[in-house]
Amino acid sequence: MFSVLKYVFTPFTRTTIAKMHYTSGVTIRLLPSYKCSFEDPVHVTVSGLKPQQRVDLRSKITDETGRAFQASAIYQADDSGQVDLNRDPSLGGSFTGVEPMGLFWALKADVLDCKFTHTDVTLPALVDIEVVSDHQVIAQVTNERHCLTDGVRRIPVKEGRIRGTLFMPPGKGPFPGIVDTNVFRGGPFELRAALLAKRNFAVLALAFQGYQDLPKTADRFHLEYFEEGVDFLRQQPEVKDQKIGLVSISKSGDLALSMATFLPGISATVWINGCNANTLVPVYYKDICIPPLMFDVTRSKMTPMGFVDIGDVMDDPMSEKGLPSVIPIERATGNFMFIMSEADRNWQSAYYAKLACDRLKSHGKNNYELVSYEKAGHFIEVPYMPFCLARFHGVANHVVYFGGEPKAHSEAQLDAWNRILNFFKKHLTATNHNCRSML
């Protein structure tokens with residue numbers, strides 16, 4: 001049984017002027033509206049300043065744990081008393097130069113070892129933007145960044161063993177389906193699923209452990225559970241007879257590779273900073289068992305900032321003891337997109353991505369694309385998700401360094417998002433499904 005929550009999103013207006021409780025005459029405008037979808041940019045302008053006046057622009061967002069993430073920048077008004085973030089450079093602060101969305105990608109908390117959390121997609125993320133002069137706030141506006149938009153339906157799922165959340169675009173379909181897996185996050189990661197549904201994909205954010213009545217932890221994975229999730233999605237009237245894709249990140253990357261390899265009818269798989277081998281616990285499917293690639297914690301080291309670097313702790317998949325854990329992805333009939341960060345320090349995701357592509361190529365396959373980002377960190381998520389440098393890692397049982405640089409990471413998230421959308425559109429909706437390599 002499942003229930004439906006339908007979210008009605010207020011249509012955009014072309015221009016919205018901030019409602020203010022100030023008498024300064026200064027106005028902040030967010031174009032096209034103060035309301036937008038979470039992954040959309042806004043055009044920030046300030047008017048009513050004195051010619052050449054210098055002001056601080058400050059942004060702040062508070063996540064559901066109560067932790068504040070903030071950014072600030074110094075701007076100088078032009079001769080007409082205006083500041084336009086699409087045109088004018090920041091003179092100092094959290095970033096410098098012309099950065100139209102700098103007040104968003106530069107958001108960070110007062111501690112480095114944390115990750116922005118927004119799990120309730122029925123509520124918008126609220127970014128407060130202020131203009132400050134002589135330590136006084138002279139204008140303020142709140143940007144509502146909505147997760148559920150355009151009539152997308154959020155449907156909690158409790159069907160047989162399956163637990164998660166289904167996001168369905170408005171209308172009767174048919175819509176191609178996507179299963180979003182993220183097994184170490186506890187509950188299903190709904191934000192990405194909700195935003196994909198906005199793009200006319202039916203998305204099942206599938207929980208696996210630590211959620212509702214599911215086991216708190218797992219010492220093995222059974223692909224039959226995930227197969228039930230795929231079948232559940234296929235059985236939806238809006239999805240019937242449509243193609244199915246997978247999107248994954250980190251540990252769930254190797255899980256997605258196993259699903260694409262052994263489960264029938266997976267047409268497209270997005271793998272983000274995962275591994276080409278099964279990791280940590282064994283995977284079972286019928287009479288098949290893939291043993292886990294293990295790790296050696298003595299290979300960890302401490303960064304100058306005091307975080308644990310676990311980037312080198314995993315055994316090499318190409319070693320004698322690692323080879324049995326490598327997933328035979330050449331058996332898969334669908335297409336792959338491997339998205340990897342060269343600066344990822346959760347593990348050697350760039351190396352693993354290249355191994356996966358080399359394996360496919362050696363078997364005469366060209367059903368893959370490889371996308372590389374030089375300075376991005378581990379968590380490549382949706383556009384404008386605040387950068388995470390370090391956080392507590394449940395497996396390592398320490399605060400772990402994830403690598404990357406904030407600006408480069410933000411650019412990677414924006415670029416990867418567009419590539420993911422195009423990849424799924426090509427392989428799940430296009431009539432011509434011939435694949436090609438992007439290498």
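What volume does the largest cavity have? The largest cavity comes to about 50 Å³. The structure described here is a predicted model, in which local features need pLDDT of at least 70 and side-chain atom pairs count only at pLDDT 80 or more, while totals for chains, interfaces and linings use all residues. Residues are numbered from 1 along each chain as its sequence is written, and side-chain values use heavy atoms, with hydrogens and water left out.

A cavity is here a set of points, on a 1 Å grid over the protein atoms alone, where a 1.4 Å probe fits but cannot get out; a pocket is an open set with protein on both sides within 12 Å along at least five of seven lines, and lining residues have an atom within 4 Å of a point. Points are joined across faces, edges and corners, and a volume is the space filled by probe spheres set on them. By this rule there are two cavities of 30 Å³ or more.

Around the largest cavity stand F38, I61, F104, L107, A125, V127, R145, Y384 and P386. This lining has eight nonpolar residues, no polar one and one charged one (Ala, Val, Leu, Ile, Met, Phe, Trp, Tyr, Cys and Pro count as nonpolar, Asp, Glu, Lys and Arg as charged, and the others, Gly among them, as polar). The second largest cavity holds about 30 Å³, and its lining consists of R192, I272, I380, E381, V382, A416, W417 and I420. Six of these lining residues are nonpolar, none polar and two charged. Helix α6 (residues 406–429) contributes the most to this lining, with three residues; helices (H or I, at least four residues) and strands (E, at least two) are DSSP runs, numbered from the N terminus.

R145, from the lining of the largest cavity, leads on to strand β10, where it stands opposite C36. Strand β4 (residues 35–37) runs parallel to β10, joined by three bridges, whereas strand β9 (residues 125–133) pairs with β10 in the antiparallel sense over nine bridges (pairing requires at least two DSSP bridges). V132 has V137 in β10 as its bridge partner. In the hairpin of β9 and β10, two residues lie between the strands, and D134 takes a positive phi near 50°. Strand β10 (residues 136–146) is largely enclosed by the rest of the structure, because eight of its 11 residues are buried (under 20% relative accessible area with a 1.4 Å probe and protein chains only; exposed is over 50%, partly exposed in between).

Aromatic rings complete the picture. The whole structure contains 14 aromatic pairs (rings of Phe, Tyr and Trp, the last by its six-membered ring, with centres within 6.5 Å; planes under 30 degrees apart are stacked, over 60 edge-to-face and the rest tilted). W271 and F338 form an edge-to-face pair, 5.3 Å centre to centre with 65° between the planes. This pair links distant parts of the chain, from strand β17 (residues 266–272) to strand β22 (residues 335–341), with W271 and F338 67 residues apart. F338 also pairs with F336, in a stacked arrangement at 5.6 Å and 20°; both F336 and F338 are buried.
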